[in-house]
2 protein chains.
Amino acid sequence: MTVVAVDAMGGDNAPYEIVKGAVDAINSSKDLSVKLVGIKSSVEEELAKFTYDKDRITVVEATEVIETSEHPVKAISRKKDSSLVVALRLVRDKEADAFVSAGNSGAILAGGLGIVGRIKGVERPAFGAIFPTRKGATLLVDSGANVDVRSSHIVQFAKMGTVYMKHVVGIENPTVGIVNIGAEEEKGNALVKECFPLLKECSEINFTGSVEARDIPEGNTDIIVCDGFVGNVILKLYEGLAKTLIDIIKEGLMSTFVSKIGAALALPALKGTIKTFDATKYGGAPVLGLKGLVVKCHGSAKSVEIKNALDQCMAFVAADINGKIEQNLILEKNEEKES
Amino acid sequence: MTVVAVDAMGGDNAPYEIVKGAVDAINSSKDLSVKLVGIKSSVEEELAKFTYDKDRITVVEATEVIETSEHPVKAISRKKDSSLVVALRLVRDKEADAFVSAGNSGAILAGGLGIVGRIKGVERPAFGAIFPTRKGATLLVDSGANVDVRSSHIVQFAKMGTVYMKHVVGIENPTVGIVNIGAEEEKGNALVKECFPLLKECSEINFTGSVEARDIPEGNTDIIVCDGFVGNVILKLYEGLAKTLIDIIKEGLMSTFVSKIGAALALPALKGTIKTFDATKYGGAPVLGLKGLVVKCHGSAKSVEIKNALDQCMAFVAADINGKIEQNLILEKNEEKES
């Protein structure tokens, strides 16, 4: 049984969509139990709308809510009884195996670091976002946790991402590329140039070189690494542009009488195609490198994304990703001492 | 009469598409004259296929070609008789008002700096790429010339971009935003945080704050500034994702018998919509901050992009952008001396 603490108050559509996502996940899997953390009366009001196994959803009271606009570190230290902080404490105290939130990203990260803590050997935990590509999906690390990084951090992102893609997504020997502005090794900014030889030398990853941004949507590389500023720009632009393009195509289809008839005939087939580019199906972005599993969903997450994030948690816990990251990085420390 | 030196050998589709683009531009405007620079026999062979005003296209011999894979600075200094170097000398010697190339970006930049030279006061010339958005078009500076920059460079990018959008594109008081990972001023990496107050204080630009990557496709900001690494990632991802999405939508439309009929009815309307997102219609990316006009087209440019770049050159020369950038930046120098 995987126990997940869910921040019932986090995100633009809380608590309704969050509660609905938790109920949907419970109803689709017998191996899951959810602790909905938040203002009890609000959460229970939403819960009353659904039918589910009452033994596997409990409500944990938290009287405060951290807003998206709040300063992350200040919010964590001031709002000790917020849904986010209370839920993270459940993970720290092993009362939950994982935490899912669509709330303030910075606060999730700061709380994860401060309350759950880093795995020994991990310098900087990072967001690992999975996004859809033509060939399937790619993991982007760091997708926004660390905006100013050193090359050693990037190498760890590559290692943590490799463990994740291998054990959660099930890709044998996943490829790793670094986001760059050209294919050649001598291209790039100072950071990329510094990372390149380190990634090439690293025996625990399958490094395949530079990935130009134009090739990202094709999905030829399983894991792409970069600093969190560039990663966040990639992720947000990806989502924003996909949305805008699909919107204007829909508008185009609806623009004339004849095109509307065409659209009615074409849409069933088109929907399947567009769905392959739906980011919500991958659930949230785990914070890789923490001692517990912390998953961040989009602020705009609806129930389907919350449900998918909960499914992802079960796979993550079953694969013991944190244990594997720890092992991997502790091994390295020993090697360093020996050499 | 605007005289443009065109690198007939640069790009994946040279010389045919380059020559065709030049002919198309000549045939559509009486105020343009083109010097096609390259291996004379090859260029003349292509030219022979077209009908055009022979007084306004001349061929200038250059015996060498700089390949896309070559090291930019080395290529410029070794291949003195390459089409790129010979054409840039025409601009330096005022025998041409502008230079257009689909060749090696780094070599165009290095040659622009070394042969044409920087405008006094400009610290770092930058690529200014225009790309399509839902509301029209946005100028991205720097889209790839300078991968490691200081905050003072970003402020100059904003000023040069403002002059360009005002005088070439004709937008009164264009808005400027900085690429960031959140809307709030305290968000961002070290560089962005340093730039923010400088951009706010700058009286010559209409700074409106942060632009999150997800909002870029909507086109609410006329000019977006960032370092050349981030800018290149944005531009390339934008182009790559738009292409991939349009491809998979086409595949979706062709996937079933019924959808094919639908597609046949919907496509005429859809084509117009997709065309609004066609990057080639804006021609190339000018190098802002040089003493002459140097325009870089995509390596994959076809004739239509070359023609559009030539049209853009006429607007640029007519508006005397370089003179205006110089004026703007020299004014600033005087202010600094006075204060």
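A salt bridge here is a side-chain nitrogen of Lys or Arg within 4 Å of a carboxyl oxygen of Asp or Glu. Keep that cut-off in mind for the first view, and remember that this is a predicted model.

**View 1. A salt bridge links A:Glu251 and B:Arg134.** The closest N and O atoms of this pair sit 2.4 Å apart, so the pair passes the 4 Å rule. Across the interface of chain A and chain B, the rule turns up four salt bridges. As for polar contacts, six residue pairs between the two chains make the count, with both residues at pLDDT 80 or more.

**View 2. Helix α8(A) gives the most to the side of chain A that touches chain B, with 19 residues.**

**View 3. Chain A and chain B bury about 4,700 Å² between them.** Carbon and sulfur atoms give 76% of that area. Look for A:Ile181, A:Phe229 and A:Leu237: together they supply 14% of what chain A buries against chain B, more than any other three residues. Each chain puts 49 residues into the contact.

**View 4. Helix α7 of chain A, residues 190-201, has its buried residues picked out.** They are A:Leu191, A:Val192, A:Cys195, A:Phe196 and A:Leu199. Why do they lie on the same side of α7(A)? Because they cover an arc of only 135° around the axis. In general, an α-helix has 3.6 residues a turn, so residues three or four places apart point the same way.

**View 5. The buried residues of α7(A) pack against elements of both chains.**

Key. Residues are numbered from 1 along each chain as its sequence is written. Chains are lettered from A and ligands numbered from 1 in the order in which they are written. This is a predicted model: local features need pLDDT of at least 70, side-chain atom pairs count only at pLDDT 80 or more; totals for chains, interfaces and linings use all residues. Side-chain values use heavy atoms; hydrogens and water are left out. Buried means under 20% relative accessible area, exposed over 50%, partly exposed in between (1.4 Å probe, protein chains only). Helices (H or I, at least four residues) and strands (E, at least two) are DSSP runs, numbered from the N terminus. The arc is that of the directions from the helix axis to the C-beta atoms. Contact means heavy atoms within 4.5 Å. Buried area is the accessible area (1.4 Å probe) that two parts lose on being put together, summed over both. A polar contact is a pair of N or O atoms within 3.5 Å; within protein, one must be able to donate a hydrogen and the other to accept it, and residues adjacent in sequence count only if both atoms are side-chain atoms.
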